[in-house]
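Trainee: Could you take me through how a helix crossing and a contact between chains are read?

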2 protein chains.
Amino acid sequence: MKEVTLGIDIGGTFTKFGFIERGGEAIFDGSITTTGHKDIASYQKTLADEIKRSFKKFEKEYKLVGVGIGAPNGNYYKGTIEFAPNLDWKEVVPFVDMFKKHFDLPMALTNDANAAAIGEMIYGSAVGMKDFVVITLGTGLGSGLVVNGEVVYGHDGFAGEVGHVQVYENGRMCGCGNRGCFETYSSASGLRRTVFELLCNETLPSRLRDVSFNDMTAKMIADAAKEGDEIAIKAFEITAHILGMKLADTVAHTSPETIFLFGGLTNAGDILFKPTRESFENNLLKVFKNKIKIVPSGLQETNAAVLGASALAWKELEK
Amino acid sequence: MKEVTLGIDIGGTFTKFGFIERGGEAIFDGSITTTGHKDIASYQKTLADEIKRSFKKFEKEYKLVGVGIGAPNGNYYKGTIEFAPNLDWKEVVPFVDMFKKHFDLPMALTNDANAAAIGEMIYGSAVGMKDFVVITLGTGLGSGLVVNGEVVYGHDGFAGEVGHVQVYENGRMCGCGNRGCFETYSSASGLRRTVFELLCNETLPSRLRDVSFNDMTAKMIADAAKEGDEIAIKAFEITAHILGMKLADTVAHTSPETIFLFGGLTNAGDILFKPTRESFENNLLKVFKNKIKIVPSGLQETNAAVLGASALAWKELEK
């Protein structure tokens with residue numbers, strides 16, 4: 001019988017899952033809504049039922065051998081989700097302990113960026129790499145640091161919060177309560193904030209002057225930039241400048257071989273990567289110059305979070 | 001027969017060495033000058049001769065089992081010293097390969113801050129700790145990051161250069177060639193630069209107005225602060241403010257249990273530690289608040305660098 005792991009990605013709106021073979025092939029993808037459940041127990045029951053129902057047609061050919069879960073503010077050591085700002089469950093949720101009632105299998109949980117890093121290591125472009133970093137550029141900026149072949153979880157299981165290093169003292173307000181955090185500049189939402197700063201400070205014409213803050217998306221800005229909109233181009237330059245600058249600081253910590261960029265914002269391609277690499281090289285310490293690659297993730301965007309979560313399960317089974 | 005390792009600390013002026021027991025007891029300390037030798041080979045010959053001569057009187061009772069070397073810009077993987085700005089040998093020196101001609105023993109080399117971290121782990125206050133950081137506050141700011149019980153060397157052996165993360169874009173010129181580096185603010189020399197900034201910007205009287213830049217030491221500033229000199233007190237506050245702020249960024253990377261501060265500047269005591277801890281807590285992400293200690297190193301200053309180097313040798317022998 002062939003083996004698969006179950007990967008679960010818990011997002012603010014949807015919870016996605018998939019059954020994934022050791023090589024990274026998904027034999028099935030499904031989802032339920034994350035919101036609208038009475039409590040965490042009933043959410044887990046709905047999720048487990050849907051997974052079991054979906055697995056029925058595979059159970060003659062496949063054996064489910066482990067469960068990996070990616071969740072915001074996920075704690076690897078404790079299997080908990082703690083104070084996640086975008087989920088209905090605000091306190092410390094003992095997710096793994098509770099979910100084991102439904103699946104009596106090896107089970108591990110971590111945050112989404114760490115899961116992405118493990119996905120990169122098991123199925124993606126980091127196979128065989130010992131020291132690398134994965135940066136997820138979505139609404140926020142997530143990070144997974146890999147040192148000596150292992151994800152850095154730190155003393156308490158919460159390491160890898162690079163999105164919250166400080167870029168500018170007393171800078172932009174961040175969802176975490178501090179000011180000036182990296183993710184308020186270099187992320188999809190940071191890019192949008194920068195557009196609005198430029199619309200305020202510059203008098204250049206821009207099609208983005210017709211779009212409200214709430215309506216504006218990173219894709220809209222990328223499209224405008226590709227068509228030569230100067231405000232959009234400048235916004236990408238600033239976003240990339242800060243991204244390269246602070247990634248150089250991360251290199252000063254762990255000296256990775258490669259930095260993988262992942263998530264919606266990377267679809268902008270060279271508009272993002274080129275100025276990021278330039279600023280990165282300008283800010284690196286001499287010993288690190290011209291030897292660290294910044295490249296797109298080797299995982300497919302569509303189900304990468306589920307892949308990452310399933311990779312965590314494979315990684316645990318290796319232990 | 002009892003066992004000792006040989007610890008060697010290569011500084012810009014002196015090279016110190018010692019024979020150290022497993023518990024951290026030094027049975028002998030010696031030194032030679034680092035400068036004034038014809039070349040690296042003749043320097044190594046002089047050093048080896050002095051070590052062998054010194055060991056003569058111990059050889060009936062003790063066996064030398066390994067050699068650890070701490071050196072600026074030391075590369076652990078390759079055993080090289082590379083482009084060290086303060087040494088006579090400017091290029092890539094294959095130190096370990098060459099020194100093995102004199103001592104046919106297990107031998108390892110790393111930079112001084114990594115050696116200090118291993119010293120803390122083997123003999124100091126970090127015994128049994130898995131995740132911690134050592135920051136050396138001397139002329140510059142060095143760092144040794146320990147993750148999961150191992151020093152982070154990174155892909156190329158140069159990880160842990162936290163002294164060169166950027167505090168302010170286009171800030172103070174650093175010896176590394178970049179601007180705004182952490183060590184240009186939070187170190188003995190950074191403290192002095194801050195005093196001069198304050199002497200320029202403020203009109204407060206200060207005894208430090210009678211001292212030239214070259215004559216001013218960190219100890220002088222600490223003494224003035226203890227006696228109520230407002231410029232000196234403010235300089236410590238700024239140094240500590242930036243120290244706490246950027247150490248919070250390091251926590252966002254590796255989430256350590258404890259940060260050990262080490263080196264001359266820490267002799268200032270509460271004048272440094274109190275505002276550092278305050279700024280640190282203010283800048284931490286919520287999940288890290290009120291759980292990470294900032295404490296003085298548990299190693300004795302006098303021979304800590306030699307202890308650290310010898311600890312590296314013990315650590316290698318455990319492998």
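Trainee: Is the crossing of α4(B) and α6(B) left-handed or right-handed?

Mentor: A crossing is left-handed if the near helix is turned anticlockwise from the far one by less than a right angle, and right-handed if clockwise; in this predicted model, the crossing of α4(B) and α6(B) is right-handed. Helices here are DSSP runs of H or I with at least four residues, and strands are runs of E with at least two, numbered from the N terminus. The model's local features need pLDDT of at least 70, and side-chain atom pairs count only at pLDDT 80 or more, whereas totals for chains, interfaces and linings use all residues. Residues are numbered from 1 along each chain as its sequence is written, while chains are lettered from A and ligands numbered from 1 in the order in which they are written.

Trainee: At what angle do α4 and α6 of chain B pack?

Mentor: Angles run from 0 to 180 degrees between N-to-C directions, with axes fitted to C-alpha atoms, for helices over the stretch in contact. Helix α4 (residues 188-201) of chain B packs against helix α6 (residues 230-254) of chain B at about 125°, their axes being 9 Å apart. The two are therefore oblique to each other, as angles under 35 degrees count as roughly parallel, over 145 as roughly antiparallel, 65 to 115 as roughly perpendicular and the rest as oblique.

Trainee: How many residues of chain A are in contact with chain B?

Mentor: Contact requires C-beta atoms, placed from the backbone, within 7 Å; 36 residues of chain A are in contact with 36 residues of chain B. On the side of chain A that touches chain B, α6(A) gives the most, with six residues.

Definitions and conventions. Contact = placed C-beta atoms within 7 Å.
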